[in-house]
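Biologist: Please show me how to read a few features of a structure. I would like the general idea of each, then the case at hand.

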Amino acid sequence: MDLLNTLVDKGLRRELPTREEALAVLATTDDDLLDVVAAAGKVRRHWFGRRVKLNYLVNLKSGLCPEDCSYCSQRLGSTAGILKYTWLKPDEASQAAAAGLAGGAKRVCLVASGRGPTDRDVDRVSETIKAIKEQNEEVEVCACLGLLSDGQAERLREAGADAYNHNLNTSEGTYADITTTHTYADRVDTVQKAHAAGLSACSGLIAGMGESDEDLVDVVFSLRELDPDSVPVNFLIPFEGTPLAKEWNLTPQRCLRILAMVRFVCPDVEVRIAGGREVHLRTMQPLALHLANSIFLGDYLTSEGQAGKADLEMIADAGFEVEGADQVTLPEHRAAAGGGCGSHESAGCGSHESAGCGPHEGAGCGSHEGGGVCGSAPAAPAGEPRTDLVAVRRRGAGTDLAPNA
């Protein structure tokens with residue numbers, strides 16, 4: 001297919017595809033799906049080999065958020081039966097992080113619900129970062145605390161944070177349909193603040209909220225302009241008790257096409273499969289490793305994920321390897337330049353131009369009780385939503401039970 005040959009060539013040169021080419025990827029048929037995966041896989045392997053980076057979420061403060069993000073189980077007015085607790089103490093957060101690190105995670109993502117941190121909150125998270133790094137100085141720490149005020153990104157950097165996550169989530173044109181308590185421009189501003197402070201920027205999207213192909217391309221092109229080092233791709237889980245509870249719009253094939261499009265637009269960036277992979281990709285998850293080079297290990301913020309052991313087995317069975325602490329994730333040209341998505345030359349990378357947390361699990365992700373995607377729950381008929389794969393997290397951070405890492 002001429003389209004795919006063109007996209008591979010552009011990806012190897014870090015050249016931006018046209019909007020029409022990106023839209024064409026999303027419009028391919030299921031008959032072409034393996035060709036699309038193979039083509040995007042060439043770009044992924046060129047820049048990242050067969051390495052898979054593991055990330056681990058620690059929910060520092062769960063629920064009770066004043067923001068009204070429609071996708072989120074922690075939102076204002078949510079009736080989802082999630083865990084609710086205030087700030088974990090630094091030693092509690094460090095213990096939670098240790099479980100993920102023991103499972104092979106290279107990065108720990110510290111997430112807290114809310115519009116944004118107070119200065120006291122930044123102090124609290126700074127102490128947590130120090131506690132984690134005292135136990136494992138090699139670990140990368142990414143903070144995800146919502147909208148940042150002036151000077152807060154710098155303080156997090158000084159405390160030892162390596163990265164900051166703040167997702168755009170959807171296109172600028174449809175953002176007000178999803179959230180009204182803050183704006184798209186607010187999110188962009190926070191990513192800019194992280195960049196300016198020398199933090200590695202992490203910013204992604206949520207697919208499956210009823211958006212059009214054009215919306216998906218818009219947000220991914222905006223992310224390329226924002227120049228993050230990592231782009232988490234969340235797939236919405238319609239959590240009961242949220243406004244998007246009935247939005248079941250994704251199939252495994254659709255998810256794979258979205259991941260392929262993201263890889264072609266941001267060829268040399270860390271593309272992370274985030275919330276919802278177990279629910280929407282299901283048994284097709286191994287194919288997604290040919291497109292993305294990063295995943296979350298174990299459970300998510302408010303819902304269960306695939307068991308950590310199953311994640312590791314999946315990676316090995318698919319012929320990939322877990323990225324080690326001594327390996328640099330980003331290609332040499334990006335790592336040396338301090339990161340950035342796509343080309344820094346003629347491909348239109350753009351300037352470093354998103355209130356809310358980052359990997360909101362696509363409003364709840366996870367799987368049925370037991371933590372796997374292939375347990376005893378009966379499969380739904382073809383095309384039917386797999387509501388049986390959605391389960392609220394009841395272990396790990398904020399509980400007395402061991403985490404699913």
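Biologist: Which residues is Lys61 in contact with, leaving aside its neighbours within four places in sequence?

Modeller: Contact means heavy atoms within 4.5 Å. By that rule Lys61 is in contact with Gln74, Tyr85, Thr86, Trp87, Val111, Ala112, Ser113 and Gly114. This is a predicted model, in which local features need pLDDT of at least 70 and side-chain atom pairs count only at pLDDT 80 or more, while totals for chains, interfaces and linings use all residues. Residues are numbered from 1 along each chain as its sequence is written, and side-chain values use heavy atoms, with hydrogens and water left out.

Biologist: Where does Lys61 lie?

Modeller: Helices (H or I, at least four residues) and strands (E, at least two) are DSSP runs, numbered from the N terminus. Lys61 belongs to strand S1, residues 51-61.

Biologist: Which side chain of opposite charge is nearest to Lys61?

Modeller: Lys and Arg count as positive, Asp and Glu as negative; His and the chain ends are not counted. A salt bridge is a side-chain nitrogen of Lys or Arg within 4 Å of a carboxyl oxygen of Asp or Glu. For Lys61 the nearest is Asp121, 6.3 Å away, and Lys61 has no salt bridge. The Lys61 side chain does reach the backbone oxygen of Ser113, at 2.7 Å.

Biologist: How many salt bridges are there by this rule?

Modeller: Side chains of opposite charge can pair when their charged atoms come close. Here the count is 25 salt bridges. One of them joins Glu270 and Lys53, with the closest N and O atoms 3.4 Å apart. Glu270 is in strand S8 (residues 270-273) and Lys53 in strand S1, so this pair ties together parts that are 217 residues apart in sequence. Glu270 is buried, at 3% relative accessible area, and Lys53 is buried too, at 1%.

Biologist: Which residues are linked with Glu270 in a network of salt bridges?

Modeller: The network links Lys53, Arg107, Glu140, Glu270 and Arg272.

Biologist: What about a pair with partly exposed residues?

Modeller: Arg155 and Asp119 form a salt bridge, their closest N and O atoms being 3.2 Å apart. Arg155 is in helix H6 (residues 152-159) and Asp119 in helix H5 (residues 119-135), 36 residues apart. Arg155 is partly exposed at 26% relative accessible area, and Asp119 is partly exposed at 48%.

Biologist: How should I read a helix, taking H1 as the case?

Modeller: The expected span of a helix is 1.5 Å times one less than its number of residues. H1 (residues 2-13) has 12 residues and reaches 17 Å from its first C-alpha to its last, close to the 16 Å expected.

Biologist: Which residues of H1 are buried?

Modeller: They are Leu3, Leu4, Leu7, Val8, Lys10 and Gly11. These residues cover an arc of only 165° around the axis, which puts them on the same side of H1; the arc is that of the directions from the helix axis to the C-beta atoms. What covers them includes helix H2 (19-26), helix H3 (33-48) and helix H10 (252-265).

Biologist: What follows H1?

Modeller: Arg14 follows, with a positive phi near 60°.

Note on methods:
Buried means under 20% relative accessible area, exposed over 50%, partly exposed in between (1.4 Å probe, protein chains only). A polar contact is a pair of N or O atoms within 3.5 Å; within protein, one must be able to donate a hydrogen and the other to accept it, and residues adjacent in sequence count only if both atoms are side-chain atoms.
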